[in-house]
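Keep the viewer open as you read along.

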Amino acid sequence: MKRSSSRPGGPLAARLSSKHAGFSLAARHSGPYFHNWIDMISQAMASSAPVPRVLLVEDDMELSTLLAEVLSDAGYTVDRAYSVSDAFSSLEDGAFDAAVLDVELGDGVVFPVADLLKDRQVPYVFVSAVYQQVVPRLHQKAPFVSKPYEIADVVAQVEDAIAAH
């Protein structure tokens, strides 16, 4: 896709200058409508809730991309990790509102990550092709979605986990 240039003298600048000839920025930004607009934006930003942040730990790149896109479309900020070590690095870098955890990863099982999330009181959902019975007793109460699964089921479990927390 070709983009219009925004350089001075480029096609976009030419269209804007001809379309808005005589337009005064000083006059536009000093009237009461401008200040009402600023107040309205400020109020909306102050009243909007923060976007929940989800840690997605999945070593299948395609599935990780799909889940991240769907969770983002559902209104979440998604940080992806592809291994246990990536997940620990992500947890060092910030706080999360929930996590989606594949059980078997390239560098081991995800249960040490789940232990840390549990200690931090961050809700998590397991998604895996392994049997739920392999989940340690400590994590048996966490939601478990078996692969293959419907993406909507994972999103619903994340929503439920955040709402319950």
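Is Asp107 buried, partly exposed or exposed? Asp107 has a relative accessible area of 41%, so it counts as partly exposed, between the 20% and 50% cut-offs. Please keep in mind that this is a predicted model.

You will find Asp107 in the loop that links strand E4 (104-105) with strand E5 (108-109). On the surface, Asp107 gathers with Asp59, Asp60, Glu62 and Asp86 in a patch of negative charge. Asp86 belongs to helix H5 (residues 84-93). Asp86 and Val57 are separated by 29 residues in sequence, with their C-alpha atoms 8.3 Å apart in space.

The table sets out the accessibility of some residues in this report.

| Residue | Relative accessibility | Class |
|---|---|---|
| Asp86 | 31% | partly exposed |
| Asp102 | 3% | buried |
| Asp107 | 41% | partly exposed |
| Gln121 | 58% | exposed |

Asp102 sits in strand E3 (residues 98-102), and its side chain makes a polar contact of 3.4 Å with the side chain of Lys147. Pro148 itself lies in the loop between strand E7 (144-146) and helix H7 (151-164).

One more backbone detail concerns Gln121, which has a positive phi of about 60° although it is not a glycine. Look for Gln121 in the loop between helix H6 (111-119) and strand E6 (124-128). As background, most residues other than glycine have a negative phi, and most peptide bonds are trans.

Key. Residues numbered from 1 in each chain as written. Predicted model: local features only at pLDDT ≥ 70, side-chain atom pairs only at ≥ 80, totals over all residues. Heavy atoms only, no water. Patch = residues over 30% accessible without salt bridge, like charges linked within 9 Å, V, L, I, M, F, W, Y side chains within 5 Å. Areas by Shrake-Rupley, 256 points an atom, 1.4 Å probe, with all protein chains shown as cover. Salt bridge = Lys/Arg side-chain N within 4 Å of Asp/Glu carboxyl O. Lys, Arg positive; Asp, Glu negative; His and termini not counted. Charge placed at Lys NZ, Arg CZ, Asp CG, Glu CD. Helix = DSSP H or I, 4+ residues; strand = E, 2+ residues; numbered from the N terminus. Buried < 20%, exposed > 50% of the residue type's maximum accessible area, 1.4 Å probe, protein only. Polar contact = N/O pair within 3.5 Å; in protein donor to acceptor, adjacent residues only side chain to side chain.
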